[in-house]
Amino acid sequence: MYSLAELADRLGLEFAGDAGRLVRALAPLEEAGPDELAFVVNRKYLSQLATTRAGVVILPPELAAHCPCDCLLSEQPYLAFARASRLFDNAPTPAAGIHPTATVSAEADIHSQVSVGAHAVIEPGAVLEAGVVVGAGVYVGHASRLGAGTRVYPNAVIYHDVWLGRNCVVHAQAVLGADGFGFAPGPAGWEKICQLGGVRIGDGVEIGAGSTVDRGALGHTELADGVIIDNQVQIGHNCRIGKNTAIAGCAGLAGSTIIGANCTLAGGVGVVGHVEICDDVHVTGMTMVTRSITRPGSYSSGTPMSSTRDWKRNAVRFSQLDSIQRRLASLEQRDKKPDKG
Amino acid sequence: MYSLAELADRLGLEFAGDAGRLVRALAPLEEAGPDELAFVVNRKYLSQLATTRAGVVILPPELAAHCPCDCLLSEQPYLAFARASRLFDNAPTPAAGIHPTATVSAEADIHSQVSVGAHAVIEPGAVLEAGVVVGAGVYVGHASRLGAGTRVYPNAVIYHDVWLGRNCVVHAQAVLGADGFGFAPGPAGWEKICQLGGVRIGDGVEIGAGSTVDRGALGHTELADGVIIDNQVQIGHNCRIGKNTAIAGCAGLAGSTIIGANCTLAGGVGVVGHVEICDDVHVTGMTMVTRSITRPGSYSSGTPMSSTRDWKRNAVRFSQLDSIQRRLASLEQRDKKPDKG
Amino acid sequence: MYSLAELADRLGLEFAGDAGRLVRALAPLEEAGPDELAFVVNRKYLSQLATTRAGVVILPPELAAHCPCDCLLSEQPYLAFARASRLFDNAPTPAAGIHPTATVSAEADIHSQVSVGAHAVIEPGAVLEAGVVVGAGVYVGHASRLGAGTRVYPNAVIYHDVWLGRNCVVHAQAVLGADGFGFAPGPAGWEKICQLGGVRIGDGVEIGAGSTVDRGALGHTELADGVIIDNQVQIGHNCRIGKNTAIAGCAGLAGSTIIGANCTLAGGVGVVGHVEICDDVHVTGMTMVTRSITRPGSYSSGTPMSSTRDWKRNAVRFSQLDSIQRRLASLEQRDKKPDKG
């Protein structure tokens, strides 16, 4: 519970209205009540703003005149709202210290200010810096490193030689450092190529639940600072992902893919191996990236959804596209001939 | 092992044949032997029925005359077979009580009739009602609730403030309540939006292995009664899924997606965020749903599979489709002109 | 660290150069230094070979004349490199014996030469043969079997009645034997069909992190010898996968799919249920397989990626394809008429 004045102070924003008004929680604009804080990013929401029951709204200064309630003024209301969300964070605080049921190697290097949950396993040579939180059942392999303030949620698995920077978040069931999918065809079947590299992850990286980042075959798989990865994303061996790139759920990157900085890959995107995507590329949902992208911009593949009946009719024509274009070319040819008809 | 008469009694069905015939197991029609039970849903399988070696077949009354063996009569043979499968369930029974290696908070509210497996962790404020089964290595977070008869398989992770109703099933490695993918762009990169909501799941919901259901950003992510979710499905924050909707493997829903009741999403379907799908919609495999669906029916996207050689030829024309249509329109135009040629 | 002569001996290859040269590690051709081993598969890499700083290169005999450094001669350089990778394997060796925190049933059949990690659970009737390695937190269900030399990485879950052959590898968070997605529509919603079958996996099978292989409904789900499966792959109930078939990341197989031997499914491929793919089929990335494939070869679906602007223009035409073809047919018809224009 914060007063409006306190909120303004903590968020570094100007306010207008009752300094003592108490805010209990955050809520969407249409649902917020008199003790709740909402936000409006632009004029598009003016009509909703007019009828809101929110106690306080974060909005751009130019909309202040339209606000029927108290407000906080920000040129970036969404960012201000993100920061406000931290003030209202209700997640339970992890217990300090090492749980008695955890199995922590005497040869691991554990800072005194860490939290290690029940049944977690920390192998020899692992390093846990100050403020690290290792959830229940987490496995941290030999010589892996968790930088200061990094948090790993229950049952995630970190193989050996995986380094994470400071203030990373790894959600439950994520797997960092499993073997890349490397096999050579031999006389009797596939022969495994031992995956000798590790994983190197920068600062402030978030990795979603069930996502997998494979270790390198030779050399490391690398995620730069500020990369954010949603749930169930697969990152193949020796991928390199640039600073602040965001990858949404169910996307998959084959091996040795290089992605630049400030890219966004939407949900379900697939990227083949050994291609390179430059900085500032956006790829829309479920696109199949089959070649390198050398110019910033937005890229897509796929077909639009329709009723299954219509879709079937059109889809069958897709398989005739080349012949359709040849028939068209032939008509065009005839059309040009002066002696035609 | 049941006699035919016992089976008929337990399934509430009429039978024809030897009341004392013993049935040892279920089997597909083509593979079943004289001590096995198979089923036939309709006339399509009459030829297979004619040659079956099954001891007993569940079939609609109108096919009884065609049955070469004993039979159970049901208007819904598949449903009767589902119910018969429960009589032959061979899964091991979980041990009663709390395993001595489990870490159960004294501040959790645990019914006396539960099973908690080895190395499971139950945090303060968690509630386990009668008949709950928590598998080995499962994590149940603060103030989360498992309704009567709910079963969670090994190593699944349930974050804090996640409520499940009665008789739910959560398979191994599922993650309920991890943070939604919420970040705001800030001056130095992405800034996390704390995910303050929880997850609310109704009665009789089944969630497959490795599936993830994110907690809400504000308010809850909600799954209604009877929802069934296959393996490796991703449900984003603040999704709401209606009663008895089924979602098959590898499907992914971005945030704030609303899906009605009695829908079926086939495998690999992707749904963008903030759209709404009405009741009674079927979406075929790997379709990309990019807009709301307001009428019941079946929807699709994608292209048909062909040999890679043919596909390449046609796919290149896809990138020329707009020019193909313009060339066609131009020919049509010329064709209409009276002074043409 | 190996001398060139030792390497040649262990790999069964001829060499040319300084028998005593020491090789410390493997590296890609462009990055390798004087104490590292690289490889070249064919003439395509001759220019890189000319300028390499590698100490030793594995290459085909016919390229030996072009090699600026010491070399190992192999008709299959990639395979030789795979075998060399095992000599340089740097993964930590699992501790012998059963960790005191593991929960191992007295009714399990455990060979004396196994490694069972911290907090692992082995249920009654489970069989662990010689050389098995069970990682920390792994669950092995009732009557499941791990053949000699099989390794299971941390927190993977193996349900009951799942058999693995010899020398298999199962990565972290994989789930073998969860229930298939089987439900019958009943009067009040879905009714579960108990999944009464198990999983049968051959020798030398590798299963990636987070992949799921469901148990059979009736009868078993089967993976033949030498099958390799990447991360986050979903295999539905009663699938049968033939010898040495490879399935890349994020692919999904619906139930009762049969795949032949020596097939390769690229990343993100989806296969509908109840179809059959013959031996020696390759399916390219993100293809949707909606019918059986009866002839060896390469198969594809999908559309090529382009800029989102171009894509939108073409995609809208996809929904008009059937009408485009009808308009074309109509022009062709008119064009044929002698009395036209």
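Buried area is the accessible area (1.4 Å probe) that two parts lose on being put together, summed over both. The model is predicted: local features need pLDDT of at least 70, side-chain atom pairs count only at pLDDT 80 or more, and totals for chains, interfaces and linings use all residues. Side-chain values use heavy atoms, with hydrogens and water left out, residues are numbered from 1 along each chain as its sequence is written, and chains are lettered from A in the order in which they are written.

**View 1. The interface of chain B and chain A.** About 5,800 Å² is buried between chain B and chain A. Carbon and sulfur atoms give 62% of this area. In contact (heavy atoms within 4.5 Å) are 71 residues of chain B and 68 residues of chain A.

View 2. A salt bridge here is a side-chain nitrogen of Lys or Arg within 4 Å of a carboxyl oxygen of Asp or Glu. Five are found across this interface. One of them joins the side chains of B:Arg317 and A:Asp322, at 2.7 Å, N to O. A polar contact is a pair of N or O atoms within 3.5 Å; within protein, one must be able to donate a hydrogen and the other to accept it, and residues adjacent in sequence count only if both atoms are side-chain atoms. The interface holds 33 residue pairs in polar contact, both at pLDDT 80 or more. Among the elements that give two or more residues to the side of chain B that touches chain A are α4 (308-318) and α5 (321-336) of chain B.

View 3. Strands are DSSP runs (E, at least two residues), numbered from the N terminus. Two strands pair if DSSP finds at least two bridges between them. Strand β40 (residues 306-307) of chain A pairs with β39(B) over two bridges, in the antiparallel sense. A:Ser306 has B:Ser300 as its bridge partner in β39(B).

**View 4. Strands β17 and β20 of chain C.** β17 (residues 151-152) and β20 (residues 169-170) of chain C run parallel, joined by two bridges. C:Arg151 stands opposite C:Val169 in β20(C).

Terms used
Helix = DSSP H or I, 4+ residues; strand = E, 2+ residues; numbered from the N terminus.
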